[in-house]
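Subject: Structure handover

Hello,

I am handing over the structure we discussed. Please find it below, followed by what was found in it.

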Amino acid sequence: MRVLALALLILFCRDAEFRKTRRNRENHGPANTSRKGSSIAKRYAPGLPCDMYTYLQEKYLDCQERKLTSLLPEWAGDLIHMLLARNKIRRLRDNMFSKYRNLKSLDLQQNEISKIGNMAFFGLKSLTTLLLQHNQIKVLSEEVFIALPRLNYLRLYDNPWNCTCEMESLITMLQVPRNRNLGNYAKCAYPQGRKGQKLKLVRPEPMCLEEEVVPVPVRAKPTTPAVDFSICHVFLFPILALDCKLKELQRVPDDIPPDIVKLDLSNNVIKQLRSKDFEDLHSLQILNLSNNGLDAIDPAAFSGLVNLHELDLSNNNLYNFEYGVLEDLYFLRQLWLRDNPWKCDYHIHYLFYWLKHHYTVNYSGLECRTPEEYKGWYVGKYVRSYYEECPKDRLQAYPDRDIDEDEFKWHEEHPKHIPTQKHGVILTLLS
């Protein structure tokens, strides 16, 4: 009996312990789960300290998605890479990053930035990469980036750019050939007339001229009648040529036969070349546009002229070329530029550098007409002086320091009788 009673007592105690344990789990289990979930939420909650780590001996600060509105004072000054994407930063004040003089890359994309002080990036002499896409920036000037002499990768797209006079200096900077990786894909959002145009392609010159012009409704004009090429003379020998000179043409004729090899449009009154005026003339090798009073060439005007060898633009009113005008002329060998009022300022750099990099092109007549202080200078001499006047710590490189003016002079005195191969050697020596 004693043994039986002892066994029953043990079973009763175990049953009581089991019920107590079960009751505790039912009462405290949800609370524990809640605390655990709270711990996880807290770990990933915005506002917590940023991650700092070293990779390939370079120090990184990862402060993405922390709802930051400004930089934190406790961040180390020896950072190399700073990741601040997807925060709530709205304004970059002057000297905001001056503490981080070793910084090489700065990621500020997907914030709410709308204003950037002209000295915001002061001190970042080592910065090569700056990401500002997906923000609310409407206007910037070139001055913002002057403190970044080594900047070679800049992203500005998906910002509501207001392409007015205030943007002229930035747009001009982006269109310089050596800045090919700065501002790609960025487009104007305002005004309506420029909406969707890339900053790399929009014309900066008219912006300030149009600033105070009040738009006036204009009645629809009748469509300009097409210019029939039949008023021109066709020659079959020695090559298929179309002679349209002295016809008082105001635009390039329509429906020019696509197999034309030589086209003479000289001595007319064609003031402007429109986009894709010669798009279908894939066989064209010689194009003469001299003596037209030509003062504007659309960047896509020569699109399609992949086989063009000779282009005569002499005796016109050209003062510079827009970025992209010459990009489709892969096989150009001869370019006449004489007797144009070339203006030696920042905008002439595209033409000069295109010719420098396409050293097989024989050219003549690239001489400054304005401003007065540079009148008579060769454009190469002007470009060299332009870079010599810049502070050295603001330049990535100092191109064209060995330009020989005697070579330019010799080149100018022999404009049309220099064999392509021999002249190519001369220009190679120059560069």
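Start with the pairing of β11 and strand β12 (residues 241–243), which is antiparallel and runs over three bridges. Within this pairing, H233 lies opposite D243 of β12. Please keep in mind that this is a predicted model.

Both strands belong to an open sheet of seven strands, ordered β11-β12-β13-β15-β17-β18-β19, with mixed pairing. The edges are taken by β11 (233–235) and β19 (362–364); each has a single partner strand, so one side of each has no neighbour in the sheet. On average, neighbouring strands of this sheet are turned by 5° against each other, with direction ignored.

The other item concerns two helices. How do α4 and α5 lie relative to each other? The axes of helix α4 (residues 349–357) and helix α5 (residues 379–388) come within 10 Å and cross at roughly 110°. Angles of 65 to 115 degrees count as roughly perpendicular, and α4 and α5 are therefore roughly perpendicular to each other. Their crossing is left-handed.

Which residues make the contact between α4 and α5? From α4 there are H349, F352 and Y353. On the α5 side, they meet V379, G380, Y382, V383, Y386 and Y387. By type, the residues of this contact comprise seven nonpolar and two polar, with no charged residue.

To find these places in the model, go to H233 and D243 for the strand pairing, and to H349, F352 and Y353 for the α4 side of the helix contact.

Regards

How values were computed
Residues numbered from 1 in each chain as written. Predicted model: local features only at pLDDT ≥ 70, side-chain atom pairs only at ≥ 80, totals over all residues. Heavy atoms only, no water. Axes fitted to C-alpha atoms, helices over the stretch in contact; angles between N-to-C directions. Helix = DSSP H or I, 4+ residues; strand = E, 2+ residues; numbered from the N terminus. Parallel < 35°, antiparallel > 145°, perpendicular 65-115°, else oblique. Left-handed = near helix turned anticlockwise from the far one by under 90°. Contact = heavy atoms within 4.5 Å. Nonpolar A, V, L, I, M, F, W, Y, C, P; charged D, E, K, R; others polar. Pairing = 2+ DSSP bridges.
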